Amino acid sequence: MKITDARVVVSSPGRNYVTLVIETEDGITGVGDATLNGRELAVASYLSEHLCPLLIGRDARRIEDAWQYFYKGAYWRRGPVTMTAIAAIDVALWDIKGKAAGMPVYELLGGAAREGVMVYGHASGTTLEDLSADFQRHLDLGYKAIRAQAAVPGLDKTYGIAPVDGKLYEPASSNVPQEDTWETTAYLDFAPKMMAHVREQFGYGVHVLHDVHHRLTPIEAGRLGASLEQYRPFWIEDPTPAEDQSAFRLIRQHTTTPVAVGEVFNSIWDCQQLITERLIDYIRTSVSHAGGITHLRRIFSLADLYGVRSGSHGAGDLSPVSFAAALHVDMSIPNFGIQEHMGHRDPAGEVFKTSYTFTDGYMHPGDAPGIGVEFDEDAAARFPFDAKYLPVNRRLDGSVHDW
Ligand code: KDG
Ligand code: MG
């Protein structure tokens, strides 16, 4: 089954997405997500200049061979741009394989290991009262697990807070990143109060998650985990900049609060020590940034050996294509933990026609052949690229801080 065309479409239906479209000689088309938030055009160029020409004439059925060819063959390995590009090819080829077989991809991965995928939504507020209202809104929607974030008193801006209830937080259009402020002491004092507030209001019948966005030192993270233990969080996410894998030993020495990490990882090598030394509880690598379905399954298989469960990144900057692909993986692996579900802002639905469903806090990828997302290129053309950047984070003294 020869590949006859491979092209990249950059569009901004609500936010920027980079979509790879692969066509085969027998008329089957596959799609992959190549979105890398704030660096979209780098991946688009890597694909269209270097990889797409090499796809023409290849056999679309040989997914593992394509993966090895683009990973090992390039000489330059790993890194977010390379691995997002390989992921897009990999997912598009799985989409084609599923369509050719007339089966949803999760069937090709071994079939359903569960009835549905527990997802967590994002509740946030500029005050604790606003957070409560948003948390209640998520409970009313049926979520069984909810991430709680609130603005830290004393700081001008806190990342991850939606501007209005029910909206998604996203960077504003600009060629220059916005700058946020950070002060660790204020945050460490506030986080337990926020968690106490959520538990007092909503009890212990719902899973509560919290994202630290890589801002603490290991000992600060240990202190945070210890201070939250009594409120039984499902996890604390990204407590420290995670390229320092051995730092997690120190966190582990000080707290039993579960730790989740990995949304910025691109390969199994980035989390090898974290997994094999059992320094984390959930690995958050994603289909789109960690080399596609093929490589993500390798990471999750390693994690399974060490009692680490999956908890894939699923923010709005991962397009509906990679979100759907994540659900297929989640359905089929033995060590699924939870899946992030931030959702997508209109008019994304005009461009990506999805077949996944949400019922009572659980999602299912649907039974359409392939990944189950149809990409409308004509609709995408109505939404041109719109430069946006994640914010840069500065401490009160003006120095640049960890993300
Ligand atoms: O592109 C980065 C965002 O997806 C990330 O900042 C959101 O931390 C995030 C999360 O957990 O979804
Ligand atoms: Mg996060």
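These legends describe close-up views of the ligand sites in a predicted model.

**View 1. The residue shell around ligand 1.** Ligand 1 is surrounded by 15 residues. Asn-37, Tyr-159, Glu-237, Asp-317 and Glu-340 are the closest. Sorted by class, the shell holds 7 charged, 4 polar and 4 nonpolar residues. The space that ligand 1 takes up is the largest pocket.

**View 2. Polar side chains at the oxygen atoms of ligand 1.** Glu-237 places a polar side-chain atom 2.8 Å from an oxygen atom of ligand 1. For Arg-147, the distance from a polar side-chain atom to a ligand oxygen is 3.3 Å. For His-213, the corresponding value is 3.4 Å. On its own, ligand 1 has 330 Å² of accessible area, and the protein covers 93% of that area.

**View 3. The magnesium ion (ligand 2) and its donors.** Three side chains are shown: Asp-211 coordinates through OD, while Glu-237 and Glu-263 coordinate through OE.

**View 4. The magnesium donors along the chain.** The donor residues follow the spacing D-x25-E-x25-E in sequence. Asp-211 belongs to strand S7 (residues 207-211), and Glu-237 to strand S8 (residues 235-237). These two residues are 26 residues apart, and the pair links distant parts of the chain.

Methods. Residues are numbered from 1 along each chain as its sequence is written. Chains are lettered from A and ligands numbered from 1 in the order in which they are written. This is a predicted model: local features need pLDDT of at least 70, side-chain atom pairs count only at pLDDT 80 or more; totals for chains, interfaces and linings use all residues. Side-chain values use heavy atoms; hydrogens and water are left out. A residue is near a molecule or strand if one of its heavy atoms lies within 4 Å of it. A polar contact is a pair of N or O atoms within 3.5 Å; within protein, one must be able to donate a hydrogen and the other to accept it, and residues adjacent in sequence count only if both atoms are side-chain atoms. Accessible areas come from the Shrake-Rupley method with a 1.4 Å probe; for residues, only the protein chains shown count as cover. On a 1 Å grid over the protein atoms alone, a cavity is a set of points where a 1.4 Å probe fits but cannot get out, and a pocket is an open set with protein on both sides within 12 Å along at least five of seven lines; lining residues have an atom within 4 Å of a point. A molecule sits in a cavity or pocket if more than half of its atoms lie within 2 Å of its grid points. Ala, Val, Leu, Ile, Met, Phe, Trp, Tyr, Cys and Pro count as nonpolar, Asp, Glu, Lys and Arg as charged, and the others, Gly among them, as polar. Donors are N, O and S atoms within 2.8 Å of the metal (3.2 Å for Na, K and Ca); water is not among the atoms, so sites may look incomplete. Helices (H or I, at least four residues) and strands (E, at least two) are DSSP runs, numbered from the N terminus.
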